[in-house]
Amino acid sequence: KGINLLLIAALSFFISCQPEDGFENNGLTATDVDASFTITPVEGKINTYTLEAQAKDVSSSLWNKGSGLYKGKMTEEISLPDAGTYTITHVAIGKGGKTATASKEVTVATSDPAKGNLVKGGSFATAADQANWKKVIYNVGADWTYSANGATVNGGHAGIYQAIDVVKDKEYTIDMTVSGGASTNMWFEVYAGKADPAVTSGDYSDGGAVMGLNTWGGCGNTAVSGDLSSIGCVKNAKKDAISNVVKFDITGKIYLMIRCGGGIAAGGLTIKNVALRGK
């Protein structure tokens with residue numbers, strides 16, 4: 001439940017990207033930073049919580065709800081649709097780059113029936129999970145490998161996919177946890193299309209990309225760790241904006257396709273906690 005090396009690298013990246021006059025050159029360094037925060041259920045919303053950090057001597061906040069650090073606000077609203085116990089971590093950044101960390105647990109008693117995960121085997125943890133996914137290998141040497149840690153892509157251009165039944169005009173969200181080192185000339189894209197990847201010639205692009213990483217777009221060229229919805233920089237083609245929300249003009253089968261290529265980081269990019277849920 002601690003912050004792993006990738007998260008430490010991510011924290012270092014966030015701090016290093018601050019303007020020089022924001023920390024080193026302002027002549028002030030905080031001697032004590034308070035990272036305490038509260039967790040409050042949001043009235044009228046199922047399994048939704050407000051995280052509120054105390055703001056005194058804190059210039060910015062990083063949050064982790066179990067899938068990696070992301071830069072947020074002092075007051076964040078989060079959704080935890082699945083039953084379970086979650087460790088929420090807040091990293092407070094004060095003057096001079098001084099940091100402090102605080103964690104709290106929140107227990108979700110009952111899963112939200114409207115936001116159940118339609119993806120099967122999104123953890124990739126067991127052989128039964130992994131059997132729900134099919135591969136498309138675009139070049140020799142590329143592959144996805146599965147383990148209890150997730151699905152890892154390496155060696156070039158390859159995709160994995162599965163069919164999912166959806167309802168016409170209903171809104172859904174797509175997300176997953178992504179981790180890996182710095183890549184070069186790499187793209188990582190998520191699609192939700194009607195075309196079957198098994199019979200699609202060329203690169204899969206049906207419906208346009210929903211989300212992803214792209215080193216030319218400014219993400220993935222440093223170490224990554226967190227929810228793709230928070231760390232991605234690929235625009236949703238249907239919305240021309242960063243958004244993980246999708247809807248469909250059919251009731252029936254669509255295909256969730258995840259593909260990656262280019263100069264993937266040494267050790268590959270690993271995904272887990274893949275989810276497609278009702279919004």
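**Strands, salt bridges and cores**

Reader: How do β1 and strand β2 pair, and over how many bridges?

Author: β1 and strand β2, which spans residues 48-53, run in the antiparallel sense and are joined over five bridges (strands pair if DSSP finds at least two bridges between them). T40 has T50, in β2, as its bridge partner. This is a predicted model, in which local features need pLDDT of at least 70 and side-chain atom pairs pLDDT 80 or more, while totals for chains, interfaces and linings use all residues. Residues are numbered from 1 along each chain as its sequence is written, and side-chain values use heavy atoms, with hydrogens and water left out.

Reader: In what order do the three strands of that open sheet come?

Author: The order is β1-β2-β5, with antiparallel pairing. β1 (37-41) and β5 (75-79) are the edge strands, and because each has a single partner strand, one side of each is left without a neighbour in the sheet.

Reader: And how many helices and strands are there in the protein?

Author: The protein has three helices and 18 strands, taken as DSSP runs numbered from the N terminus (helices H or I, at least four residues; strands E, at least two).

Reader: Changing topic, how many salt bridges turn up in the whole structure?

Author: A search of the whole structure gives seven, a salt bridge being a side-chain nitrogen of Lys or Arg within 4 Å of a carboxyl oxygen of Asp or Glu. One of them joins E189 to R259, with 3.4 Å between the closest N and O atoms. Since E189 belongs to strand β13 (residues 184-193) and R259 to strand β17 (residues 252-263), this pair ties together parts that are 70 residues apart in sequence.

Reader: Are E189 and R259 buried or exposed?

Author: Both E189 and R259 are buried (under 20% relative accessible area, with exposed over 50% and partly exposed in between; 1.4 Å probe, protein chains only).

Reader: Which residue does D249 bridge to?

Author: D249 bridges to K194, and their closest N and O atoms are 3.0 Å apart. D249 sits in the loop between β16 (245-246) and β17, and K194 in the loop between β13 and β14 (209-214), so parts that are 55 residues apart in sequence are tied together by this pair. K194 is partly exposed, at 43% relative accessible area.

Reader: What about K235, which residue does its side chain meet?

Author: The side chain of K235 meets that of D240 in a salt bridge of 3.9 Å, N to O. K235 is partly exposed at 48% relative accessibility, whereas D240, at 56%, is exposed.

Reader: Now the largest nonpolar core: which residues touch the most other members?

Author: Among its 37 residues, those are I174, M176, F188, I258 and I271; a nonpolar core is a set of buried Ala, Val, Leu, Ile, Met, Phe, Trp, Tyr and Cys residues joined through side-chain atoms within 4.5 Å. The elements that each supply at least two residues of this core include β11 (158-166), β12 (172-180), β13, α3 (228-231), β17 and β18 (269-278).

Reader: What is M176 in contact with, beyond its neighbours within four places in sequence?

Author: Its contacts (heavy atoms within 4.5 Å) include F188, V190, L228, I258, I271 and V274, and also D227, K272 and N273. A second, separate core has 18 residues, including F37, V58, Y70 and A102.

Reader: Overall, what share of the residues is buried?

Author: Buried residues make up 46% of the 279 in the protein. As for contacts with a separation of 6 or more, 68% of those in the protein are between residues 24 or more positions apart.
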